[in-house]
Amino acid sequence: VGQVTVGLPPTIGRQLTVPLIDGFSRRMPQARLAIVEGLSTHIAEWITSGRVDLGLLYNPEAQPGLEIEAVLEEQLCLVQPAHAPRGPIRLRELGQFPLVLPERAHVIRRLLDTQAMLAGLTLDIAWEVSSVASIIDLVCAGHGHAVLTASAVAASGRADALSVRPIVEPCLPSVLCLAASSRQRVTPLMRLTRGLLTDLARHLPQAAAVSSLPG
C-alpha cells in the first residue's frame with residue numbers, strides 16, 4: 001500500500017511508462033504510482049527535496065543525500081540520415097558535421113563538450129534544441145546531425161530513417177543510474193518499485209547492463 005513517485009528522463013519515459021505501470025499494477029495492486037518527467041539534473045533535485053522517491057538519471061554527479069546505482073551503460077553515437085555512411089566514427093571527425101545538440105545543461109551536451117575540449121576539438125553547433133524528439137526530426141529533415149544514444153533513436157520510432165554510428169577514440173559512455181534519497185526510509189513499496197524499475201531499465205533496446213557504479 002501507499003504511493004511512490006518516480007522521475008524519468010523524457011526518452012526513458014517514452015519507453016518505460018507503459019511497462020512500468022503494467023508491472024506495478026500487477027505486483028502492487030493496492031499501491032499508487034506517480035510518474036514525472038524531467039532532465040536528469042532536475043530529477044536529482046526533486047529526489048533531494050522529497051518531491052520524487054526514485055529516479056533514473058544519466059551521468060549523475062555524486063552529491064550528499066543521493067544513493068546512486070548504475071543500471072546500464074550506452075555509447076554515444078553520431079546520428080545521421082539513413083543514406084549516410086555506416087560504421088564507427090572517431091571523435092575528432094565530429095568537427096566536420098553541423099550538429100543539433102541539447103542546451104548546455106543537458107548531460108549528453110556536457111559530456112560531449114568536455115571530451116571535445118580535452119581533444120582540442122571545435123564543434124560546429126548549428127542548432128540547440130532541448131527536445132530529443134525534435135532533434136531527431138531535424139536530423140531526418142536534413143538540418144544537421146545529432147549525438148545521442150542508440151536507445152533514444154530506437155524509442156523515436158524513426159530508426160529506419162537514420163544511421164547510428166558509435167563514436168570511438170575515445171568511446172563516450174553514457175551511464176543510466178537509479179537514484180534514491182539516502183535520507184529516506186526504504187519501505188517494502190520502495191524496494192519492490194526499485195527492483196521493477198531496475199529490471200525494466202536493464203532491458204532497454206540497444207543498451208548494455210552494468211553491475212555497479214561507485215557513488
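Start by selecting Asn-59, which sits in the loop between strand S3 (54–58) and strand S4 (66–81); helices (H or I, at least four residues) and strands (E, at least two) are DSSP runs, numbered from the N terminus. Asn-59 is not a glycine, yet its phi is positive, at about 45 degrees. At 23% relative accessibility Asn-59 counts as partly exposed; buried means under 20% relative accessible area, exposed over 50%, and partly exposed lies in between (1.4 Å probe, protein chains only).

A word on what you have open: this is a predicted model, with local features needing pLDDT of at least 70 and side-chain atom pairs counting only at pLDDT 80 or more, while totals for chains, interfaces and linings use all residues. Residues are numbered from 1 along each chain as its sequence is written, and side-chain values use heavy atoms, with hydrogens and water left out.

**Another loop**

Now jump to Glu-169 and Pro-170. A cis peptide bond joins the pair, with omega at about 0 degrees. Pro-170 is in the loop between strand S9 (162–168) and strand S10 (173–181), and Glu-169 lies in the loop between S9 and S10 too. Check the backbone of Glu-169 as well: its phi is near 50 degrees, a positive value in a residue other than glycine.

**Zoom out**

Show the whole chain as a cartoon. You'll find six helices and 11 strands. The radius of gyration is 18 Å, close to the 17 Å that the globule rule gives for 215 residues, so the chain is as compact as a globular protein of that length. That radius is taken over C-alpha atoms, and the rule is 2.2 Å times the number of residues to the power 0.38. Along the principal axes, the C-alpha atoms fill a box of roughly 55 × 35 × 25 Å.

Of the 215 residues, 47% count as buried. The chain exposes about 10300 Å², and carbon and sulfur atoms supply 53% of that area (Shrake-Rupley method with a 1.4 Å probe; for residues, only the protein chains shown count as cover). Among contacts (heavy atoms within 4.5 Å) with a separation of 6 or more, 78% are between residues 24 or more positions apart.

Select Thr-5, in strand S1 (residues 2–8). Thr-5 is buried, at 12% relative accessibility. Leave aside neighbours within four places in sequence, and Thr-5 is in contact with Ala-34, Val-36, Arg-51, Val-52, Asp-53 and Leu-54.

Next comes Arg-109, in helix H3. Is Arg-109 buried or exposed? It counts as buried, at 1% relative accessibility. Not counting residues up to four places away in sequence, Arg-109 touches Leu-101, Pro-102, Glu-103, Arg-104, Ile-125 and Glu-128.

**Into the pocket**

Rolling a probe the size of a water molecule over the atoms shows where empty space is left. Here, the largest pocket holds about 370 Å³ of space. On a 1 Å grid over the protein atoms alone, a pocket is an open set of points where a 1.4 Å probe fits, with protein on both sides within 12 Å along at least five of seven lines; lining residues have an atom within 4 Å of a point. Grid points are joined across faces, edges and corners, and the volume is the space filled by probe spheres set on the points.

To centre your view, select Pro-9, Pro-10, Thr-11, His-106 and Val-132: of the 23 lining residues, these lie nearest the pocket's centre. Then colour helix H1 (10–27), helix H2 (40–49), helix H3 (107–118), helix H4 (132–140), strand S8 (146–149) and helix H5 (150–156), each of which supplies at least two residues of the lining. By class the lining has 13 nonpolar, nine polar and one charged residues; Ala, Val, Leu, Ile, Met, Phe, Trp, Tyr, Cys and Pro count as nonpolar, Asp, Glu, Lys and Arg as charged, and the others, Gly among them, as polar.

**Out to the surface**

Ser-49 is in helix H2 and is exposed, with a relative accessible area of 55%. Draw a C-alpha distance from Ser-49 to Leu-118 and you get 34 Å, for 69 residues along the chain.

Pro-29, in the loop between H1 and strand S2 (31–37), is exposed at 61% relative accessibility. Its C-alpha atom is 40 Å from that of Leu-162, 133 residues apart along the chain.

Finish at Asp-199 in helix H6 (residues 188–201), which is partly exposed at 38% relative accessibility.
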